[in-house]
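Subject: Structure handover

Hello,

Please find the structure below. My notes on it come after.

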Amino acid sequence: MNVTWQSSERVHKLNGEPIMKGKIKNMTEVRTIIHRLRMGQSNRQIHRDLGMHRSIIRKIKNIAIAHQWLDNTSLMPSDEEISKVWSQKPEAQSFTHPLDIYKEQFQEWNKAGLSSVVIHRLMADKCPCDIQVIRRYRKKHFPKVVEPVMVRSTVPGRDLELDFGELGVFSNDDRVNKKVWLFSLRLRHSRMVYREIVLDQTIQTFLMGHIHAFEYFNGVPKHCIMDNLKAAVTRSTIDNDMVNRSYQELAEHYGFIISPCLPRTPQHKGGVEGDVKYTKRNFLSYFLEKQKEKGITNPKICDLRSALEQWNREIANLHEIHGIGRSPLELFKSEEEKVLQPLPKYRWELTMWSQGVVRREWRVMINNAYYSVPYQLIGEPVEICVTNSFVRIFYKHKEVALHEKATKKWEYKRKVEHAPPLQEAVLQCNRDGLLMLANEIGPFTHQVAYAIISHPSVDKLKPVRYLLKLAQKYSKDRLEKACQRAHSFNVCSYASVKNILEKDLDLQPTENKDNGKIIQIPFPRFARNPEVYKSSFTTNESFGEKLERLHPISMHGNAMMSTFEGLLAEKIVEEESIDLGSIT
């Protein structure tokens with residue numbers, strides 16, 4: 001008898017037949033025992049040669065005799081016949097398990113998904129037993145059904161899976177702790193992955209991650225597969241008609257199809273789910289340990305980004321894929337890069353769409369800023385489009401407002417034409433706004449308001465507001481006629497217009513005004529006569545004439561003359577006095 005060693009397990013060889021010791025492990029051992037029994041060997045000899053327990057040999061012999069398998073004239077039974085008979089178990093004696101009376105309760109707990117630990121605690125008062133008893137009882141009476149899995153084939157350049165994965169808390173450059181996520185975008189065929197460290201999961205980050213990934217791959221896949229996250233899907237529906245509008249515009253620009261998974265089915269994008277776990281196990285744990293060796297307990301986000309780029313370049317893209325024998329970079333370069341759709345000529349401008357309802361203040365809020373909307377849309381749903389420079393607001397697919405994008409937090413961008421007329425007059429409290437509202441009523445109202453508000457030293461905003469408020473009590477047409485009558489009589493004041501409306505004088509024709517009824521206001525008793533302030537000289541008097549009138553020329557010249565002219569006059573007087581002396 002030759003004894004050899006194979007795979008650290010002892011194997012007997014007899015006449016070239018490998019014989020295993022112990023219990024029956026496969027159909028070959030059963031067939032070997034039946035063959036030896038047909039050859040006339042005894043149970044003892046088979047036990048000695050094969051090392052099989054004699055009770056097992058006796059059991060096989062009884063089965064063979066019952067089915068007439070030991071007749072050498074007949075053929076050896078097939079494996080199916082032997083298996084069918086060998087798997088039959090004798091009828092066991094009736095035995096009642098202590099937990100059988102709670103079998104229906106176990107069935108309900110099993111459907112509810114309760115664990116054995118929870119069931120053990122629930123059974124502590126009813127039937128105290130060890131937790132292993134409960135586990136064996138559940139395994140026997142409620143075995144888990146293993147569902148089959150369909151392995152999907154991959155097509156180069158077709159599918160891109162994407163997902164977020166939380167990495168932990170790291171510090172930024174200002175030493176402020178921030179929660180960090182990994183944004184992974186993985187090509188299903190080549191397993192090539194674009195990984196990016198992000199600080200949030202907003203729509204801006206989500207859309208820019210796509211743009212960076214497409215530029216990293218130098219191409220665009222045909223399908224993008226993701227969860228039902230709010231950045232991509234507003235609400236999950238059967239028709240997938242609730243996709244975020246910004247994401248839809250990105251898909252139209254780059255030419256890919258949005259393919260969200262069913263709710264609560266992460267296995268539909270198992271590739272990227274596995275990549276997030278792979279990055280945490282292979283990269284993150286190594287990075288944190290290296291930081292600890294350097295004495296850094298709170299790593300920086302910038303160091304995390306640089307380390308991730310190096311790990312992608314040196315390890316992740318070059319590791320050999322199990323079952324394929326090639327690296328992701330090799331598969332990408334040889335099979336997938338050339339079939340990706342080309343990038344568009346221009347990069348997509350980030351556009352965010354959101355929905356809102358116009359508030360009673362006739363405005364909407366987006367990104368911590370307020371933007372006015374026509375007051376007629378109060379309570380109506382609108383769509384808001386935000387670009388890098390502008391904010392556009394749509395109602396029933398029609399643009400109703402356009403604003404410059406706010407640069408400060410809680411800034412209010414408001415346009416005058418969006419506000420209710422009288423409310424705008426109160427809110428603005430300025431000259432231009434009131435005149436604009438007056439002009440909307442009519443030209444005469446505008447002229448009366450302009451005459452009132454043009455006072456040089458007194459603020460006349462209040463009477464103009466009250467003047468415009470008369471349109472609510474009487475009407476805009478009557479206010480316009482009253483202002484026309486007040487303007488024709490040159491009595492442009494709030495009291496005059498109000499008096500005209502109260503006495504219905506605006507309903508009378510303006511042309512037939514009776515000058516005899518105009519009462520002359522007496523001259524104030526203690527006021528000076530205006531004639532006192534009038535000058536007796538005409539404005540046609542020249543400067544020389546005025547100078548001669550105010551300062552007559554003396555014998556030594558005019559005092560208002562210049563120095564040269566004064567000296568010249570004195571010289572002339574001296575010459576004339578000399579000549580007169582010589583004559584005398």
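Predicted model: local features only at pLDDT ≥ 70, side-chain atom pairs only at ≥ 80, totals over all residues.

Residues are numbered from 1 along each chain as its sequence is written, and side-chain values use heavy atoms, with hydrogens and water left out.

Salt bridges

A salt bridge here is a side-chain nitrogen of Lys or Arg within 4 Å of a carboxyl oxygen of Asp or Glu. The count by this rule is 22 salt bridges. One of them joins Arg188 and Asp159, at 3.3 Å from N to O. Arg188 sits in the loop between β5 (177-187) and β6 (193-198), and Asp159 in strand β4 (residues 159-171), 29 residues apart. Helices (H or I, at least four residues) and strands (E, at least two) are DSSP runs, numbered from the N terminus. Arg188 is buried at 11% relative accessibility, and Asp159 is buried at 6%. Buried means under 20% relative accessible area, exposed over 50%, and partly exposed in between (1.4 Å probe, protein chains only).

Lys269 and Asp163 also form a salt bridge, at 3.3 Å from N to O. This pair links the loop between β8 (257-260) and α10 (270-293), where Lys269 lies, to Asp163 in strand β4, 106 residues apart. Both Lys269 and Asp163 are buried.

Arg392 and Glu399 form another salt bridge, with their closest N and O atoms 3.1 Å apart. Arg392 is partly exposed at 32% relative accessible area, and Glu399 is partly exposed at 34%. Separately, salt bridges with shared partners join Arg158, Asp159, Glu161, Arg186 and Arg188 into one network.

Loop residue

Ala232 is in the loop between β7 (223-226) and α9 (245-254). Ala232 counts as buried because its relative accessibility is 0%. Its C-alpha atom is 8.6 Å from that of Ile258, 26 residues apart along the chain.

Sheet

Strands β10, β11 and β15 form an open sheet in that order, with mixed pairing. Two strands pair if DSSP finds at least two bridges between them. The edge strands, β10 (363-365) and β15 (412-413), each pair on one side only. β11 (residues 370-372) pairs with β15 in the parallel sense over two bridges, and Tyr370 stands opposite Tyr412 in β15.

Regards
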